[in-house]
Amino acid sequence: MDFPLFHLDFMGNRMLVAVIAILHVLINHALAVGFAPLVTLLEFRGYLKNKNNPEEGRTWDEMARKMMFFAFVITTTVGALTGVGIWFAASLANPASLGSLIRVFYFAWFTEWIIFVLEVVFIMIYYLTWKKSNESPKRKRQHIRFGLFLSIFSWLTMAIIVGILAFMMDPGSWIEKKSLITGFLNPIYLPQLIFRTPVAMMMAGTVALMFVAYAMKKQNHWKAGILKYISFWILLWMPLAASGAFLYYWHIPRAMVGNLPVALGTQQFQDWYSSLVTVMIVVVSIGFLVGILGTFAPRRLPKHLLIIPVIASFLFLGTFERLREFIRKPYVIGEYMYANGFLVEEYPLYQQTGILKHSPYFEFSEVTEENKIAAGEAVFTLACTRCHTTHGISSVVRKFERMYGKENPLNEEAMKVFIKSMHNVRYYMPPFPGNDEELGALAAYIAEQQKRPKTFEGPQIKGVDVKEIEY
Ligand code: HEC
């Protein structure tokens, strides 16, 4: 392991990345990828209506502008911060995997940045020049064009990132060919993109519907027309979102074939997989119901219940994100790198010579009687802390206590036996990467943590000891 490993001993690193990433994905899909084309379309409708009925046209335009203000404030603050935050958090939590992804997707990384900057430029232009654009039809048309550019660039940033996310699930033929193109066009890429695009549109529709219901007065003559239009938008995207979800859902088991070595894993996966069907049916039904009601009887839409489709569509995406994380384990990059950051093909070396020897940011090279507990802590950091803490969320001590009983002191021998074969019974965990001495040190450390619990501070607090590596 060529990096020091950041560690949060209460929250865990996984949780940190998860919280930032989920917030980002929800904002990005609903308020950027989906909102940009929806708002542009509403503005365009306003422009067309303006010719026959200027008052109606102005109302539509003003509503679209207000929606854009909402999206502008949230995407350029929380959206942008969490977007950058994902990369900071992920590169602290799993630097080795980010290193690999940069090697494979070097060009995509660079392109993503350019497109992201352009997206921000377009959102600035689009929102900040809105009022001026009402001065003449020519300006309005130009403005609508910027809305279109914004929509395209918002979608493109997602289209690139999805290539990388899908690659992590299943690198496909990249494992043999090792080129950017084979990595990018992995088997899950298109299904995932085809799923995310209409889902983003649908999410934007549910948020917009609620926004308009609250932002416009009941008496407003044009409110029903706008609600109807947005409901129709949801209705149009709904079948695509449902088919996209099904396509993606159908492709997932193929990725699982390589990732699942044992029957037990299949069992657990099946449970998850079938609960997904329920979520799909419920969300699609809610979407259809709201879409149909809003399209045919917009005045009947129950304002205070419009939060339900918003929550449902967010849960829909959230469930798929959870599944995506789930099926990737024990790998961080399918069949190539384990979640602990060690390469699959280097495992035989580490299991023979130990991991400490090859990790420059960890003080010890070998386990001795004197350093056993401290070396055990280093082994724990390298092998387990990407997913476990000592006593916080997903505490390793509590996991063992749950297996062997809370009352008893943890038995080092029993733990050694378990850890050595844990990947066979709990397929989501990588095999133990180190040698037998390191395994002994790890078991001693966990037993000691039960006897005398002590918060383990990550290198960001206690610093690191760098040593020379002999090759
Ligand atoms: C890729 C992430 C990951 C890594 C790395 C990992 N684990 Fe786990 N471990 C999990 C998950 C997920 C669970 C299941 C949590 C649950 O069901 O509550 C788990 C469960 C456990 C359990 C309970 C098993 C059971 O049958 O109830 C033990 C014990 C455990 N881990 C020990 C370890 C040790 C020791 C290491 C380091 C050598 C380690 N884990 C590395 C993810 C990981």
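Residues are numbered from 1 along each chain as its sequence is written. Because the model is predicted, local features need pLDDT of at least 70 and side-chain atom pairs count only at pLDDT 80 or more, whereas totals for chains, interfaces and linings use all residues.

The protein has 18 helices and two strands, where helices (H or I, at least four residues) and strands (E, at least two) are DSSP runs numbered from the N terminus. Its C-alpha trace spans about 85 × 40 × 40 Å along the principal axes, and 42% of the 471 residues count as buried, that is, with 20 or more other C-beta atoms, placed from the backbone, within 10 Å of their own.

The stretches below come from the domain assignment, which is automatic or taken from a database, and the C-alpha centres of the two domains lie 40 Å apart.

| Domain | Residues |
|---|---|
| Domain 1 | residues 13–338 |
| Domain 2 | residues 360–462 |

An unreviewed UniProt entry lists residues 371–450 as "domain: Cytochrome c", an annotation that may be inferred rather than shown by experiment. Over residues 371–450 the chain is 62% helix and 0% strand, with the end C-alpha atoms 18 Å apart.

Around the ligand there are 20 residues, of which Ala-339, Ala-383, Cys-384, Cys-387 and Lys-399 come nearest; a residue is near if its C-beta atom, placed from the backbone, lies within 6 Å. Helix 15 (residues 396–404) gives the most to this shell, with five residues.

Definitions and conventions: A residue is buried if 20 or more other C-beta atoms lie within 10 Å of its own, exposed if 12 or fewer, and partly exposed in between; C-beta atoms are placed from the backbone.
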